[in-house]
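Biologist: Before we start, could you take me through how features of a structure like this one are read?

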Amino acid sequence: MRYAVPFVNLVCFLALAPLYEGLLRRLTARVQSRQGPPIIQPYYDLLKLLGKERLDSAGTWPFRLAPLLAFGSVLAVVAVIPFGGRISALAERMNAVLIIYLLTLAGAAVLFGALAGRNTFGLIGAGREMATMIMVEPILAMTLILGAVKIRSLALTAAVPAAFGASFGFSSALMLVVYLLALQAFVARQPFDIAEAEVELLEGPFIEYSGGNLALFKYAMMLKQMFYAWLFVSVFLPFLRTGVYPLDVVIQLAAMSAVFVLIGLVGATNPRMRIDQAVRYYAILIIAALGAVGLGVGGL
Amino acid sequence: MTTEQILETLRAEFGGAVRGSANPSSGRLLVDIDRSRLAGTSRSLIKAGGRYQVGVGSDDRDRTATFGLIHFFAFDRDGFSVGLRTSAPVDDPAFDSITPDIPAAGWTEREYRDLLGLVFPGHPKPKKLITADDWPDGIFPLRKEVPYNLVPPSTADVAYQLDEAPPGTTCVPVGPFHSTLHEPAHFAVYVDGETIKGCDYRGFMAHRGIEKLCQTQVGYNEIPFIAERICGICGSVHSVAYCQAVEMAAGLEISRRAEFIRVICLELERLHSHLLLIGVAGHLIGYDTVFMHAWRIREQIMWLSEKITGNRKTYGMVIVGGVRRDVTPEIREEILSVLKNLEAEIAGFEKAVVGDSLIHRRTRGVGFVPKDETVLWSLLGPVARGRGVDIDARRDHPYAAYDEIEFAVPVVSDGDVWGTIVVRLAELFESIKIIRQALDKMPAGPILAEAGEALPPFRPGWSMVEAPRGESFHYVLTGEENRPERWRVRAPTYHNLQGIPRMLLDNQFADFPIILGSIDPCFSCTDRVAVVDRRAGRTRIWDKTELDRLSRSRS
């Protein structure tokens, strides 16, 4: 059974990530009194990009490798998470810090790509991406560490699933608030789509990418935002469980679409922040997240 | 202060350098001065409270064997405008640069350096402004011997030399095509990290030479239709300004009803233009919901304009002597009902924008320019009124029927992008008020005055129209072949763009789009070129009904 989990994870995520993206677009359009694109538009977009020419503008191997690295690391994350409440066979000997490593690697791949591309806008975008990573990854780390503190183990098999099921105290409540406030930053949506900032940086780090390479980056971003939606559902809504694996998968997917509705609504009703404003905001969140872990250590 | 007092002051200070003067119309003064005292007299007018409007250069070699130059100054408090007219002999076409004292004159002087071959000793930045990078030296397109359709051979290896980057900065090229711009222009932004330390501008990439075309090819009555194609947004501003200038030069009185109809056209235009800009401003700070809703609200004005004039844009309403279509009782009812709906929707929209704290955070303190520098750079329209400078051509230099209409001129002292948005929001309500008053007060009567004979030649006329972006200035010198001898257009963006490097200084690069957007830049106005929308490769023919249905079903 547990050997099937990685495959179920990968199939579900790869198949549904563009659908959630489509949901986001559709929802945004509705808020803006537009009709919006068909909900399956992101699939078409990926297909279209795959059929386009891949311009190798930098002509160096880090530039070509970066999209693969980003996509690969996100896939690795997807394969090891306990999606649907079942533990992946790949995760038995892994600990929660690995997820943070892999996600950081995906972010770093974006940086490599931008730096290798050597485009002015890409470089500015890379600078902003780096600042965002430095400030946002700790919040993700705290979320996982809080779970680890509660069950006194960093093992991935234990830290994430139902980490808060046992004791949903003040620490969890505070972390829930912090996570929600950081959610838009995790998924790089408004008001925190600062690194890509279309009107100023023209997609920033991705400016030099085209065709299949761009499709890989886009796909990786979609998977990543689906992961963060899953993490929210899995960590903060552990009671949504029946014990029947297929049913749990469906329940989690449904709950994730609720998270996407939230992401869409917040994204559509906020302008983009400036990086200096955003960094101050993240700093407050980090302090709050630290506080939550402190409370968790204290047993609250 | 009056025009007489200005003349006396100049006479007292400069004596014999003041050669003569003329009062072509009330509130208009032309002073002939000696070329050597141009800079001094300009300074003295600025000191007396004048605001630099623009310079007009002309090739008068066939008539007087000179090159002419007029610098215009507006005295907004006292409602008049003064032109300092001077000339230089053909073999020495040099005028002292007034840019060191009046930075807003920088482009005027560079323009005539390019187009007429005039020389301005003392200009701080004597670089190309208008002609293309590979335009050959020694061909000055506005000189009379140069044909309007001259196409010199192009060369590939010439490029505009951007200003030297300040030490410690890197250059971010915004343009020639960039999603902030919507039109071609090139800003070289020098950033230190993310802080802007300087900016050079290379624009006029689509200069079409409308002035030259209209001075050599068409007649008085065709020009309004070309004028309204100068701008991509303003369909009436330029044609009204041009027609008023011609009417002033010819001493033509037009019917009161036509003047009221012009007011209605101009204010409808302000409504849709401001909504457009506020929407775009939302988009530029990444707030597309503001963008979409502003444009949704705006759409009903476009439909209304179509009902009144037959077109969403390029209305073809205004001609010399009046307007082409009347406002019928049915249209009147239609306008009133749209205004009512509009007022309610804008009120809700305004509340949402003003109440959004994140919009405040993105626009407050951004693009700050103090009041005295705003005056120095001759910034115009909401850009100036958002910075505490109380100018509005509708009130200061009343034209059309504005003298009979009561309206407020919103001015705030914020000095930043937020101020310009607040002013625009307030002006939306004023425009609605103005249109309602115009509909009430409009007398019955003809809409077109017949011009009797040919217009007398070599009479000057100039007019100011408050466009949505600020004062539009048109100067016309009547000519002999049923067309102007000289027609000069100065759109508000011409001045507001010159102030952009000052507004950008020490701001964050992330704020570049919204600062540039806050002047509602209309490059097509400064370039004087029409926007052509060509749908290439279409295999299916859409008829009007289908296109209407399509565009409406999507909004």
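Biologist: What radius of gyration does chain B have, and what would a compact globule of 555 residues have?

Modeller: Keep in mind that this is a predicted model. A compact globule with 555 residues would have a radius of gyration near 24 Å, and chain B, at 23 Å, agrees with that. Along the principal axes, the C-alpha atoms of chain B fill a box of roughly 65 × 65 × 55 Å, and buried residues make up 52% of the chain. Its secondary structure comes to 20 helices and 13 strands.

Biologist: At what angle do helix α5 and helix α7 of chain A pack?

Modeller: Two packed helices are described by the angle between their axes and the distance between the axes. In chain A, α5 (residues 120-151) and α7 (residues 170-186) pack at an angle of about 150°, with their axes 10 Å apart, and α5(A) passes α7(A) in a left-handed crossing. Among the residues making the contact are Val136(A) and Ile139(A) of α5(A) and Met175(A) and Val178(A) of α7(A); by class, the contact has 11 nonpolar, 3 polar and no charged residues.

Notes: Residues numbered from 1 in each chain as written. Chains lettered and ligands numbered in written order. Predicted model: local features only at pLDDT ≥ 70, side-chain atom pairs only at ≥ 80, totals over all residues. Helix = DSSP H or I, 4+ residues; strand = E, 2+ residues; numbered from the N terminus. Rg over C-alpha atoms; globule rule 2.2 N^0.38 Å. Buried ≥ 20, exposed ≤ 12 C-beta atoms within 10 Å, placed from the backbone. Axes fitted to C-alpha atoms, helices over the stretch in contact; angles between N-to-C directions. Left-handed = near helix turned anticlockwise from the far one by under 90°. Contact = placed C-beta atoms within 7 Å. Nonpolar A, V, L, I, M, F, W, Y, C, P; charged D, E, K, R; others polar.
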